[in-house]
Amino acid sequence: MDFDLTEEQESFRRTVREFAEEVVRPRAVEFDRTGEFPLDIVRRMGELGLFGIPFPEEWDGQGADLTTLCLAIEELGRVDSSVAITLEAGVGLGAMPIFLFGTQEQKRRWLPPLCRGEALGAFGLTEPGGGSDAGATRTTARLEGGEWVIDGSKAFITNSGTAITSLVIVTAVTGERPDGRKEISAIVVPAGTPGLTVGPSYRKLGWHASDTHELTFSNCRVPEDHLLGERGKGFSQFLRILDGGRVAIAALAVGLTQGCLDESVSYARERTAFGRPIGAFQALQFKLADMRVAVETARLATYRAAWLRDRGRPFTAEALIAKLHASEVAVAAAREAVQVHGGSGYIDDVPVARFYRDAKILEIGEGTSEIQRLLIARDLGLPDARS
Amino acid sequence: MKIVVLVKAVPNPTGTPEIGEGFRLKREGVELALDPGDEYGVELGLQLAEQTGGEVTYVSMGPAGATAAVRRALSMGGDRAVLVTDPALAGADALATARVLAAAVGRQPFDLVIAGAESTDGYTGTLPMAVAELLGVASASFARRVELRDGAIRLERQTADGYDVVECPLPAVLTVTAGVASPRYPTLKGIMQAKQKPFEQLTVADLGLSAEEVAATQTVERVDAAPERGRGELVQDAGDGAARIAEFLAEAKVI
Ligand SMILES: Cc1cc2nc3c(=O)[nH]c(=O)nc-3n(C[C@H](O)[C@H](O)[C@H](O)COP(=O)(O)OP(=O)(O)OC[C@H]3O[C@@H](n4cnc5c(N)ncnc54)[C@H](O)[C@@H]3O)c2cc1C
């Protein structure tokens, strides 16, 4: 067993940490307050190559792997979840489907600007009518005169309305399968296509500077060649996308948990009560010890899932486990970090207050905790409630 | 244009380094990092090389553990690095260091040698000028802006109350301040490429220097803690606050 990262990965982690501390941290409060999308920071992340990490150089990527992407997301997540999720969704949901399922021509057309971070892609799976039950997709696409005509709507779509959003990949019902179930396919809709309406930004509990919109499609037409991969493969495609996405979300959760631990340890050293630093009280020491256990176990689970994927081995169950565990310990760590900070932890501009608001979504996005448990249980070979 | 950037690995640049034997900084068994003050020179060197289609060589002297710090500069860009490392150099003073660096730089033709104004560990600020003297070339210090002219550089030289505009013929040794360029972060690709770039390690003998030439001629007698900084002056605003602050700033020659 080898738990060491490569020398390059260590240097890279340090670089992203410096970037997060020097460039992102000073702006985090401002972004959290205004909810403005941090376009200039995203541009600099692009220059650093972050959006191209797991893609080959041929597409202007960095030729690295999921583990390296996780390191970047973790280091950003330690400081600011909104910036970290912008990277996670841009790479994992926006660019990855094109890389994995696109034709050479589609890759040539769309991938390089995404890898350079000059453009952002979004992935529209969830609908106002439901997210967990993706089979219940209502958005439709029909072929008409060499064009896909899309009608329907998508909810909570990350990176779908930024100034540099170039495309949204939508899942839509394109027919009926021989067994009577819906045939679902993924179609690339370039930003600005007539018939695609981007709703206003949601006011969210956290992730304030992450860009999230409802999208409506009404007689929205794109050329037939915008179908991503094979017709009818939409379902298996997004399952594959979510495998990697879950590991990346777990990395974000690890970063947030580490941020909670770092903030709490330094506060517990400085703050005094009853004539002593509060860190001298065992009640708080135990909280911090638990937080450390949480971050270590979550990190191990996350890196292991990424490691499996980077070796081309099956990693679906490990991704579910990492996502479930890391997001749940993140929410708990954020709650305890606020507790360690007392009243000041409840003040919005204090990092742990922001972490507390940012953490909750980790148990919801890219599959809720219930769905993770359901799939982990199914992987044990337990009977399926549906049949 | 052939550019040399002098870089140094310093112990724990963001904290307080430990003092070891003979009042010398501990450089072995501690984490060494590229001197943050050197990154400005690295950035300037890279920009000038990009403008002129030139090349950048890093030259450093330090313990064997300094390679990672020098590689950090390579991951920002540049073509190759030379590290002079030799047990005989432990405790080298500024003059001995200058002899070593001048010998290492002088092995190849160069147009411009760039260094930080001072290192964040030793702070003598004398080394680059000594290197210029030993190389027998012109020198200019405290550049906050640099422009290339035909066969020369034109720079804004930071002074206590403004700046001088100086033109300096090439080849030359130049020291830069933090304002000269904002250092880039290494990209992942840069980090991977850095490992492939030529990285030479030389000893004192390789440079044709004798042990006497690199022996320290200075000894440190004592190291004291810096005096506590006095508390700032609190101006109570009794209607004249702004005027008193302006007065204070004028006295400090800031305005
Ligand atoms: C900020 C933000 C960003 C997002 N970004 C994207 C994006 O970019 N792309 C995208 O497609 N989606 C995105 N989403 C949507 C997100 O993935 C969904 O919200 C999530 O999958 C849950 O779906 P839902 O909201 O419809 O909840 P529902 O599916 O309605 O679930 C409601 C509750 O019921 C539970 N539940 C549902 N089914 C079961 C079951 N079988 N067994 C047990 N419990 C069950 C759920 O766990 C949950 O607790 C985003 C959401 C947010 C808030």
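The model is predicted, so local features need pLDDT of at least 70 and side-chain atom pairs count only at pLDDT 80 or more, while totals for chains, interfaces and linings use all residues. Residues are numbered from 1 along each chain as its sequence is written, and chains are lettered from A and ligands numbered from 1 in the order in which they are written.

Select chain A and colour by secondary structure: there are ten helices and ten strands (DSSP runs, H or I of at least four residues for helices and E of at least two for strands, numbered from the N terminus). The C-alpha atoms fill a box of roughly 80 × 50 × 40 Å along the principal axes. Of the 387 residues, 51% count as buried, that is, with 20 or more other C-beta atoms, placed from the backbone, within 10 Å of their own.

Next, select residues 7–34, helix α1(A), and residues 66–77, helix α3(A), whose axes come within 9 Å and cross at roughly 25° (lines fitted to C-alpha atoms over the stretch in contact, with angles from 0 to 180 degrees between N-to-C directions). The two helices are therefore roughly parallel to each other, the word used for angles under 35 degrees.

Finally, show the side chains where they meet: residues of α1(A), including F12(A), V16(A) and V24(A), meet residues of α3(A), among them L71(A), A72(A) and L76(A), a contact being C-beta atoms, placed from the backbone, within 7 Å.

Conventions:
Buried ≥ 20, exposed ≤ 12 C-beta atoms within 10 Å, placed from the backbone. Parallel < 35°, antiparallel > 145°, perpendicular 65-115°, else oblique. Contact = placed C-beta atoms within 7 Å.
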